[in-house]
Amino acid sequence: KLFIKSVDVSVLPRTTVIPVGNIAGVKLYTNGVLVVGMSEIEGEDSKTYKPYENTGIEEGDMIVKINNNLISSTDDLIEKVNMSKGEKVEIEYIHDEETKECSITPVKTSEEEYKLGLWVRDSAAGVGTVTFYEPSTQSFGALGHGITDIDTGDLLNIASGEFVTAQVLNIKKGENGNPGKIQGTVEEQETIGDITKNTEFGIYGKIQDLSSLNIDTSKEMEVAMREEIELGKATILCSLDNQTVKEYEIEITKIYRDNNYNNKSMEIKVTDEELIEKTGGIIQGMSGSPIIQNGKFIGAVTHVLVNSSTEGYAIFGDLMLKQSKEVN
């Protein structure tokens, strides 16, 4: 007698993507302004004040309204606070996904400005690697990890964002205990597309101008299923010289096939002498570099191990594809 066990498995339909490997610039804009710090204010009477004290506002909170007016930038906030002329202002802010309200009385400084004592920021910019372009939906995936706020460590909650071409200025080589990085500029560059999602599995959106990515559309390939990924040799694509994407050899040393909860799906090691000579291994800015094995796209580089610059982690391609399928 034969017993058949039925198992529900969420399987993505076979999809093809074009692995990219280009360095691009990322510009993200938040909903409201992010509180990244607090400091005492010296008033015009030379006394120090902490106007934010006992209001409940903390680092990592997002200020979205002042006196019922939406705040979209740091300049906006400064303007609204100065308009108060020292009168109490009503603040609406988001703390742990919950909307809260408080009031703060701004302090007048000797420069005739009014301040709340809060350090805020409204955007983030940097460079990273575009992982893939999916022709059927015109969507892209990049980085393989989310963009977190440098001060709070939280995933940045974005209102909008754009992907732009980037100019690589310098490569700071990585060494054990001291990760390297690709230094680039996003000034005066062309828009590639819109970023609509910032997740712990990468950033996603729609491509507007495919030509700006400079990709070879004949290189379309299948996204591998996890069972097809093998230990051993693979290659990564990345562009360390402006606009020239090259293929470099790596080795997959561990595979965590059941991992769906973070972006550390595989352990990898850079074995390519040319890449090690150029970068020392995996460096910041290479996150998102697509990984290819047996003619299929299998994932992307996400992290470097701090104590070993040639080793790091990678994310499964199916985890990234699932995110890009949900892009509006």
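Student: How do the residues that line the largest pocket divide into nonpolar, polar and charged?

Tutor: Keep in mind that we are looking at a predicted model, and that the lining of its largest pocket is made up of 31 residues. Sorting the residues of that lining by type puts three of them in the charged group. The others in the lining divide into 14 nonpolar and 14 polar.

Student: Which strand gives the most residues to the lining of the largest pocket?

Tutor: The strands that each supply at least two residues of this lining are β11 (118-134), β15 (181-185) and β23 (296-305). With seven residues, the strand that gives the most to the lining is β11.

Student: What is the volume of the largest pocket?

Tutor: Rolling a probe the size of a water molecule over the atoms shows where empty space is left. For the largest pocket, the volume comes to about 840 Å³.

Student: Is T129 buried or exposed?

Tutor: T129 is found in strand β11, and, leaving out residues up to four places away in sequence, it touches G21, N22, I23, A142, L143, G285, M286, S287, G288, S289 and P290. Its relative accessible area is 0%, and the cut-off for a buried residue is under 20%. T129 is therefore buried.

Student: Which residue has its backbone oxygen 2.6 Å from a polar atom of the side chain of T129?

Tutor: The residues that T129 touches beyond its neighbours in sequence include G285, M286 and S287. The one whose backbone oxygen lies 2.6 Å from a polar atom of the T129 side chain is G285.

Student: With which side chain does the side chain of S139 make a polar contact?

Tutor: S139 has its place in strand β12 (residues 139-142), and at 1% relative accessibility it counts as buried. Not counting residues up to four places away in sequence, S139 touches F132, Y133, E134, G205, K206 and S324. The polar contact, at 2.6 Å, joins the side chain of S139 to the side chain of T137.

Student: How far apart in space are E92 and L70?

Tutor: Along the sequence, E92 and L70 are 22 residues apart. Taken from C-alpha to C-alpha, the separation of E92 and L70 in space is 9.2 Å.

Student: How many disulfides does a search of the whole structure find?

Tutor: Two cysteines that we can look at are C102, which counts as buried at 10% relative accessibility, and C238, which is buried with a relative accessible area of 1%. A disulfide needs a pair of cysteine sulfur atoms within 2.5 Å. Over the whole structure, the number of disulfides found is zero.

Student: What share of the residues of the protein chain counts as buried?

Tutor: The protein chain has three helices and 24 strands, and its C-alpha atoms fill a box of roughly 80 × 60 × 40 Å along the principal axes. Among contacts between residues at least 6 apart in sequence, 68% join residues at least 24 apart. Of the 328 residues of the chain, the share that counts as buried is 48%.

Technical notes:
Residues numbered from 1 in each chain as written. Predicted model: local features only at pLDDT ≥ 70, side-chain atom pairs only at ≥ 80, totals over all residues. Heavy atoms only, no water. 1 Å grid on protein atoms, 1.4 Å probe; cavity = no way out; pocket = protein on both sides within 12 Å on 5 of 7 lines; lining within 4 Å. Points joined across faces, edges and corners; volume = space filled by probe spheres on them. Helix = DSSP H or I, 4+ residues; strand = E, 2+ residues; numbered from the N terminus. Nonpolar A, V, L, I, M, F, W, Y, C, P; charged D, E, K, R; others polar. Buried < 20%, exposed > 50% of the residue type's maximum accessible area, 1.4 Å probe, protein only. Polar contact = N/O pair within 3.5 Å; in protein donor to acceptor, adjacent residues only side chain to side chain. Contact = heavy atoms within 4.5 Å.
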